[in-house]
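The following exercises are to be worked with the sequence and the structure at hand. Each task is followed by a solution in steps.

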Amino acid sequence: MRKHLLLIVLLMVLPFSAVSGQDAAAVDCGTTDEVTITYVGDPAGGHPAAEAAAIERYMQACPNITVERIEGSANGQELLSTYLSAFEAQSGDFDVIRVDVIWPGVLAPHLLDLTPYVSQEQIDSYLPALVVNDTVDGQLVALPLRIGFGMLYYRTDLLEKYGFAAPPATWDELTEMAQVIQDGERAEGNAEFWGFVWQGNAYEGLTTNALEWQVSNGGGSIVSPEGEIQVNNPETVAAFERAAGWVGTISPPGVTSYAEEDARAMFHAGNAAFMRNWPFAYATSLTSEFIGDKFDVAPLPAGDSGVGAAALGGWHIGVSRYSEHPEAAAAFAAFFTSAESELLYSIATSSPPAVASLYENPDLQAAMPFARPDIVEVTTPRPSTVTAENYNQVSTLYFTAVHSILTGEEDAEVALELLELDLQALLGE
Ligand code: GLC
């Protein structure tokens, strides 16, 4: 309950205290012409309200600019193909777009180099690894907005009820604890209760979950930064066999069609002991009616390697090369990812920001105690830099193989042998 109140107080006070630090006259509008630009934003379930608020602040500072928010698909790969078909036709329909942290290599040919439009001071304000991520062939193709990383959400009341002193340190411990809690809750009459929910559908989200299982088991990271294919090894086989064993035991059989929002709905309804999700589920969990004051977060458990792994996620802002209003579009991208705007956006979405100095901000620290400025260094990136324009195919081959193991369609050893061959054919040995 205390967390709950704190969030409400913060949300009430922040828009005023933080904005007062921003000199509206200092906002660069890019142009004095009257122009309308489009921004492809979050659908429901994402953060449409936080985006709309940022757009509102920009339009107040720049009354000559209208930013129209278009809702993009919640499914990353669908969103990417929408972008690519528009860009391949050189369409100016989308001026400013959301760019997943894994897409700079894929989208670089279609995104404007933002270096001439953003001050060096602002570029230097971001966590350096994110600027490296967004720089392709010397061009800064996106500006970082927010960071995601995999974390474990757990029910504090249920851990206490079943006599567990701390969240699980290993996947094996999680498996045991989830089973004990699930058995107990079912025996008390909650037939809908499950131990552990996560993202098992065949999509980009499964790539992040599976990468965490694989890395924490010592199986490598799909493709190493040096280009070595790392999927066909006993550690990865064991990691995926363990996860396949969860399906239908501690996780619902339907978990193999779950995305982030399915897991979140289950956890928020009070029907799951543990959930793997991103930081953005934290704020909505705090305000959830059933579990708002009955949960906490912890690092994801360790596998056989002895340490846990969290996949790096997050979203960045890019400008289309085919925009008819590049100055206004780039100015909006810069405004949206400025320290002032990221502070408000980060707190509203409980997502760690890209601007380094914000980690010292007491309001931000209070809103997300798990945020730390070395997040990028301690998380595992997907192999999107090394595979660049091939990343989307690499990920599709990977999550398709993992999905076939989870559903029992394919044996883990066979699936990973075939995956290795497919990756070799795609990337060359
Ligand atoms: C989150 C992450 C993003 C990732 C996606 C997968 O939105 O921020 O990087 O690709 O989840 O579902």
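A residue is called buried when its relative accessible area is under 20%, exposed when that area is over 50%, and partly exposed in between. The model is predicted.

**Exercise 1. The disulfide**

Task: Determine which residues the disulfide joins, and state whether Cys29 and Cys62 are buried or exposed.

Solution. 
Step 1. The structure holds one disulfide. Its partners are Cys29 and Cys62, with an S to S distance of 2.0 Å.
Step 2. The angle about the S-S bond is -85°, and the link of Cys29 and Cys62 is left-handed.
Step 3. Cys29 is found in the loop between helix H1 (2-20) and S1, whereas Cys62 is in the loop between H2 and strand S2 (65-71); the pair therefore ties together parts that are 33 residues apart in sequence.
Step 4. By the cut-off stated above, both Cys29 and Cys62 are buried.

**Exercise 2. Salt bridges**

Task: For the salt bridges of Arg98, Lys161 and Asp304, identify the partner and locate both ends.

Solution. 
Step 1. A search of the whole structure gives 14 salt bridges. One of them pairs Arg98 with Asp42, whose closest N and O atoms are 2.5 Å apart. Arg98 belongs to strand S3 (residues 96-100) and Asp42 to the loop between strand S1 (35-41) and helix H2 (48-61), so this pair ties together parts 56 residues apart in sequence. Both Arg98 and Asp42 are buried.
Step 2. Lys161 pairs with Glu188, the closest N and O atoms being 3.0 Å apart. Here Lys161 is in helix H7 (residues 156-161) and Glu188 in the loop between helix H8 (171-187) and strand S8 (194-197), 27 residues apart. Lys161 has a relative accessible area of 43% and is therefore partly exposed; Glu188, at 58%, is exposed.
Step 3. Asp304 pairs with Arg242, with 3.7 Å between the closest N and O atoms. Asp304 lies in the loop between strand S12 (295-298) and strand S13 (312-319), and Arg242 in helix H10, 62 residues apart. Asp304 is exposed, because its relative accessible area is 54%, while Arg242, at 16%, counts as buried.

**Exercise 3. The ligand**

Solution. 
Step 1. Polar side-chain atoms lie 2.6 Å from a ligand oxygen atom in the case of Asp100 and 2.7 Å from a ligand oxygen atom in the case of Glu260. For Gly314, a polar backbone atom is 2.8 Å from an oxygen atom of the ligand.
Step 2. On its own the ligand has 310 Å² of accessible area, and the protein covers 90% of this.

**Exercise 4. The surroundings of Val231**

Task: Decide whether Val231 is buried or exposed, and name the residues that Val231 touches.

Solution. 
Step 1. Val231 is located in the loop between strand S10 (229-230) and helix H10 (234-246).
Step 2. Its relative accessible area is 1%, so Val231 is buried.
Step 3. Leaving aside residues up to four places away in sequence, Val231 touches Gln214, Ile222, Thr236, Tyr398, Leu416, Leu419, Glu420 and Leu423.
Step 4. Between the C-alpha atoms of Val231 and Ala283, which are 52 residues apart along the chain, the separation is 35 Å.

How values were computed. Residues numbered from 1 in each chain as written. Predicted model: local features only at pLDDT ≥ 70, side-chain atom pairs only at ≥ 80, totals over all residues. Heavy atoms only, no water. Helix = DSSP H or I, 4+ residues; strand = E, 2+ residues; numbered from the N terminus. Buried < 20%, exposed > 50% of the residue type's maximum accessible area, 1.4 Å probe, protein only. Contact = heavy atoms within 4.5 Å. Salt bridge = Lys/Arg side-chain N within 4 Å of Asp/Glu carboxyl O. Polar contact = N/O pair within 3.5 Å; in protein donor to acceptor, adjacent residues only side chain to side chain. Areas by Shrake-Rupley, 256 points an atom, 1.4 Å probe, with all protein chains shown as cover. Disulfide = S-S within 2.5 Å.
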